[in-house]
Amino acid sequence: MDERLDGNVLAGMLGELFDFDATTAKGRCRHCGDEAVLAEAHVIAHDGEFVARCRKCDAELLVAMEHHDDVVVSFRGLRGLGIHPAY
Amino acid sequence: MSWRLATVGAAMRLTDSARSIRLDVPGWPGNLAGQHLDLRLTAEDGYQAVRSYSIASAGPGESIELGVDRVPDGEVSPYLVDDVMTGDQLEVRGPLGGWFVWHEDDPSPVQLIGGGSGVVPLIAMARAHRAAGATSRFRMLVSARTPEDVLFAPELSALDATPGDRFALDVVYTRRGPEDWPFPIGRVDRAALERTTLPVSDSPAIFVCGPTGFVETVADHLVAIGHDPDRIKTERFGGA
């Protein structure tokens, strides 16, 4: 079952990778250049896989998966991710 | 970040489809108002399901409260609403999320807008506001199908009835209102928002939580009314 959520739901998974809250970090979409905190991304959840999409152009920003204690995240659609919006 | 073992301390029916669940979590560091946690269930065959749930409580302490609404055909919420018992154990990870959070040193007026169980993180903010003795103005709009579907209704009414104008509650009913209800029955639209929420001139911090369709419709109306998109924070819930 697909669930349409948002980037807030990624906080736990990303917290396994980073020691800060990555959902409050600003990312820039590689496709359209929109800058937004990850919490504002649109997220589709399906069977433990989470695809985050740009709130403006719907391009894929990242894919995150968690299976037991393994977390894998691909940030291929982000040009940058930072606590300070400096790219 | 690591998973912690939580024990169900109490479970209380909130509505026909929702339950308040108190969890005792040794080592829980406390949480801000509006944060959530991930909850993990493991079946006997090793299959695991993880879902995010908003926390209805805020502040320090190792005892926290969740508000969970049953999502039909969901994997986790039916268990939490219908089956979980005092003493049961499950795993939680958190507190999570620094975006959809109210900070008690923020002097801005605040408009809370919740659809269904989207009320849960918002009542955490209302409770934190009261506990801090904050003087900022809080106004809350709840969208619910019927009067029996309002989560935490007695507590919200009591807050609303507290003398002074620090907290005000409005409800929009989408299916059926109380007897002699003077307002339209139906989904939250622009007219309902203009009638029940703080005006643009107050420049309120706005928190919207609910099902995805509700959140997006409400956020679009708020922007159309003239609110600054940067003042609107949204959280779309799942929790199936």
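## Cysteines in chain A

A:Cys29 is buried, with a relative accessible area of 2% (buried means under 20% relative accessible area, exposed over 50%, and partly exposed in between, using a 1.4 Å probe and protein chains only). This is a predicted model, in which local features need pLDDT of at least 70 and side-chain atom pairs count only at pLDDT 80 or more, while totals for chains, interfaces and linings use all residues. Residues are numbered from 1 along each chain as its sequence is written, chains are lettered from A and ligands numbered from 1 in the order in which they are written, and side-chain values use heavy atoms, with hydrogens and water left out.

How many disulfides does the structure hold over all chains? There are zero, where a disulfide is a pair of cysteine sulfur atoms within 2.5 Å. For A:Cys29, the closest cysteine sulfur belongs to A:Cys57 and is 3.7 Å away, so it is too far for a bond. The sulfur of A:Cys57 in turn has its closest cysteine sulfur in A:Cys32, at 3.7 Å, again too far for a bond. A:Cys57 is partly exposed, with a relative accessible area of 28%.

## Where the two chains meet

Let's turn to the interface. Here 24 residues of chain B are in contact with 22 residues of chain A (contact means heavy atoms within 4.5 Å). The size of an interface is often given as the accessible area lost when the parts come together. Between chain B and chain A, the buried area is about 1,800 Å², and carbon and sulfur atoms give 46% of it (buried area is the accessible area, with a 1.4 Å probe, that two parts lose on being put together, summed over both). On the chain B side, the residues that lose the most area to chain A are B:Arg93, B:Trp99 and B:Arg236, together 31% of what that side buries.

The rule finds five salt bridges across this interface (a salt bridge is a side-chain nitrogen of Lys or Arg within 4 Å of a carboxyl oxygen of Asp or Glu). B:Arg93 forms a salt bridge with A:Glu66, with the closest N and O atoms 2.7 Å apart.

## Two serines in chain B

B:Ser54 sits in strand E4 of chain B (helices, H or I with at least four residues, and strands, E with at least two, are DSSP runs numbered from the N terminus). Is B:Ser54 buried or exposed? At 13% relative accessibility, B:Ser54 counts as buried. Its side chain makes a polar contact with the side chain of B:Glu235 at 3.4 Å (a polar contact is a pair of N or O atoms within 3.5 Å; within protein, one must be able to donate a hydrogen and the other to accept it, and residues adjacent in sequence count only if both atoms are side-chain atoms).

B:Ser57 is found in the loop between E4 and strand E5 (63-69) of chain B. B:Ser57 is buried too, with a relative accessible area of 11%, and its side chain reaches the backbone nitrogen of B:Glu65 at 3.0 Å.

## An arginine in a loop

B:Arg231 lies in the loop between H5 and E11 of chain B and is partly exposed, with a relative accessible area of 26%. Which partners does the side chain of B:Arg231 reach? One is the side chain of B:Ser108, in a polar contact at 3.1 Å, and another is the backbone oxygen of B:Ser203, at 2.9 Å.
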